[in-house]
Amino acid sequence: MADEDVSPQSSYHRDAIKTSVHNTSAQRRRQLAVAVGKERREALIRTKRLCREAHFDDNEASLEGDMNIEEERAVLNAQASQIIEDLKSATTYQGKGAAQKKVEALRALRRLLSKSEFPPVKAALQAGAVPLLVQYLSFGSPDEQLLEAAWCLTNIAAGEPEETKSLVPALPLLVAHLGEKSSVPVAEQCAWALGNVAGEGDELRNILLAQGALLPLARLMMSNKGSTARTASWALSNLIKGPQPNAATELIRIKGVLDAIIQHLRNLDDELVTEVAWVVVYLSALSEAAVGLLVKSDVVHLLVGKLAASERLHLLIPVLRSLGNLVAADSYMTDKVMRGMPNREGPKLVEREDGIDAMERFQFHENEEMRTMANGLVDKYFGEDYGLDE
């Protein structure tokens with residue numbers, strides 16, 4: 001809010017904030033995108049990345065409760081090695097019930113990788129899990145088999161960096177199964193696996209981008225099925241999060257992406273809105289082309305509405321980040337936020353989200369209210385005498 005002692009007359013004599021607003025803001029948003037990505041990954045690494053089994057066997061749960069950590073790990077590692085041997089046997093078995101035998105072995109591995117606080121990923125990899133799972137992902141396999149194999153790969157990718165990198169041989173098939181020839185559940189599970197891979201770092205993101213993962217994930221995000229759109233949005237936010245802007249710019253230019261973002265932001269499903277808002281965070285942080293399209297759409301209005309209506313922190317964080325990026329990048333956006341927020345909360349949002357650089361554009365605004373709000377923020381950060389002529 002503006003300081004009451006700041007007069008419109010004195011505001012005319014102020015110099016503009018002495019910085020290159022465009023370059024500074026863009027650099028800040030890119031740095032913020034990387035920092036936010038690290039924070040988010042740490043906060044969500046277990047709840048978002050690991051695709052857990054919903055229900056466990058009571059006997060197994062009680063058995064684990066009687067063990068110490070090292071004993072449990074030893075048992076799990078032994079189980080993982082045995083299941084991989086079962087998978088190898090199932091690949092060559094040609095007798096009655098061969099297909100079901102494969103599914104059961106895959107399901108056993110998936111459950112093992114899903115249920116524990118200490119998934120035996122390393123043991124499974126050492127026993128040769130990835131080449132087998134790639135084989136089980138081959139086109140023409142039953143959907144149940146494909147789903148179980150993709151789920152196993154999803155949870156392997158939720159492990160340590162080197163464990164995630166072990167999935168490189170599986171990436172072409174995971175990307176291929178995002179296409180229209182695959183069932184929705186299979187495509188969705190593959191998107192989850194790829195989101196885990198993309199979240200590991202630039203090297204794997206670049207591999208996925210080179211293999212064409214962006215377009216099919218964007219098409220999945222356009223789905224009317226909430227879980228599919230949510231998973232694809234999460235995967236996309238990992239895939240485009242920089243620090244280079246190319247992927248973000250390419251994404252926003254895909255036909256239908258902006259319309260899908262707007263459609264999903266209107267949804268009442270907070271989980272879906274949260275993931276789509278994270279896509280907007282990285283689009284607005286990394287791509288000037290995306291900023292230009294976003295501010296001309298209904299995205300700003302929808303984000304402000306979510307900010308005013310929701311008290312859920314996990315949703316408010318990406319909404320605030322998105323608005324902060326847009327505030328700092330575009331003068332029209334700043335005007336819209338400063339005026340459009342309820343209860344005169346606009347200046348507080350600008351302040352909270354490092355949009356102070358954007359205030360330079362409004363120090364000489366023709367509207368007195370905008371001049372006063374802008375100079376009030378400048379006074380708070382730089383002192384009331386900043387920029388006044390001697």
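**First stop: a link across the chain**

Start by selecting Arg312 and Glu271: Arg312 forms a salt bridge with Glu271, and their closest N and O atoms are 3.8 Å apart. A salt bridge here is a side-chain nitrogen of Lys or Arg within 4 Å of a carboxyl oxygen of Asp or Glu. Arg312 lies in the loop between helix 19 (299–309) and helix 20 (313–329), while Glu271 lies in helix 17 (residues 270–286), so the pair ties together parts that are 41 residues apart in sequence. Helices (H or I, at least four residues) and strands (E, at least two) are DSSP runs, numbered from the N terminus.

Now colour by accessibility. Arg312 counts as partly exposed at 39% relative accessibility, and Glu271 also counts as partly exposed, at 32%. Buried means under 20% relative accessible area, exposed means over 50%, and partly exposed is in between (1.4 Å probe, protein chains only).

A word about what is on your screen: this is a predicted model, in which local features need pLDDT of at least 70 and side-chain atom pairs count only at pLDDT 80 or more, while totals for chains, interfaces and linings use all residues. Residues are numbered from 1 along each chain as its sequence is written, and side-chain values use heavy atoms, with hydrogens and water left out.

How many salt bridges does the structure hold? There are 13. Select Glu148 and Arg110, whose side chains meet in one of them (2.7 Å, N to O). This pair links distant parts of the chain: Glu148 sits in helix 8 (residues 143–156) and Arg110 in helix 5 (residues 98–115), 38 residues apart. Are these two residues buried or exposed? Glu148 counts as buried at 5% relative accessibility, and Arg110 is buried with a relative accessible area of 6%.

Next, select Lys165 and Glu162, where a salt bridge joins the two side chains (3.6 Å, N to O). Both residues lie in helix 9 (residues 161–165), three residues apart, which is about one turn of the helix. Lys165 counts as partly exposed at 32% relative accessibility, whereas Glu162 counts as exposed at 57%.

Select Phe118, Pro119, Pro120, Val121 and Glu163. Of the 18 residues that line the second largest pocket, these lie nearest its centre. On a 1 Å grid over the protein atoms alone, a pocket is an open set of points where a 1.4 Å probe fits, with protein on both sides within 12 Å along at least five of seven lines; lining residues have an atom within 4 Å of a point. The pocket's volume is about 280 Å³, counted as the space filled by probe spheres set on the points, which are joined across faces, edges and corners.

Highlight helix 4 (69–92) and helix 6 (121–126) too, as each supplies at least two residues of this lining.

While you are at helix 6, select Gln126, which lies in it. Gln126 is exposed, with a relative accessible area of 64%.

**Last stop: the whole protein**

Zoom out and show the cartoon. Of the 390 residues, 52% count as buried.
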